[in-house]
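Please read the following account alongside the sequence and the model, taking each region in turn.

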Amino acid sequence: APAALETTLARLGEVLAGRLVIAHWRPVGAERPHTAAEVHDRVGSLSWLRAVEDRSTDDYLLHALERR
């Protein structure tokens, strides 16, 4: 699963032309190989994206990002 996330992020870097919205339910589940915080931290660390919106709550994380 970690490789799938990295593959997806690499592909997004190639094709993203607009806004990327990422949303994750915070509770941990067997079907989720990463926590919400792990995914959002990883996406937020990408140098080619900048955060433009945050609508997170105790139940979920939601961020909108745009290409720099």
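**Salt bridges and a buried helix face**

Glu 14 is exposed, its relative accessible area being 58%, where exposed means over 50%, buried under 20% and partly exposed in between (1.4 Å probe, protein chains only). This is a predicted model, in which local features need pLDDT of at least 70 and side-chain atom pairs count only at pLDDT 80 or more, while totals for chains, interfaces and linings use all residues. Residues are numbered from 1 along each chain as its sequence is written, and side-chain values use heavy atoms, with hydrogens and water left out.

The side chain of Glu 14 meets that of Arg 11 in a salt bridge (2.9 Å, N to O), a term for a side-chain nitrogen of Lys or Arg within 4 Å of a carboxyl oxygen of Asp or Glu. Arg 11 is partly exposed, at 49% relative accessibility. Six salt bridges are found in the whole structure; among the residues involved, Arg 19, Arg 50 and Glu 66 are linked in a network, and Glu 53 pairs with Arg 55 at 2.7 Å between the closest N and O atoms.

In helix H2 (residues 36-44), Ala 36, Val 39, His 40 and Val 43 are buried. Because these buried residues fall within an arc of 95° when seen down the axis of H2, they line one face of the helix; the arc is that of the directions from the helix axis to the C-beta atoms. Helices (H or I, at least four residues) and strands (E, at least two) are DSSP runs, numbered from the N terminus.

His 63, in strand E3, is buried at 18% relative accessibility. Its side chain makes a polar contact with the side chain of His 40 (2.6 Å), that is, a pair of N or O atoms within 3.5 Å; within protein, one must be able to donate a hydrogen and the other to accept it, and residues adjacent in sequence count only if both atoms are side-chain atoms.
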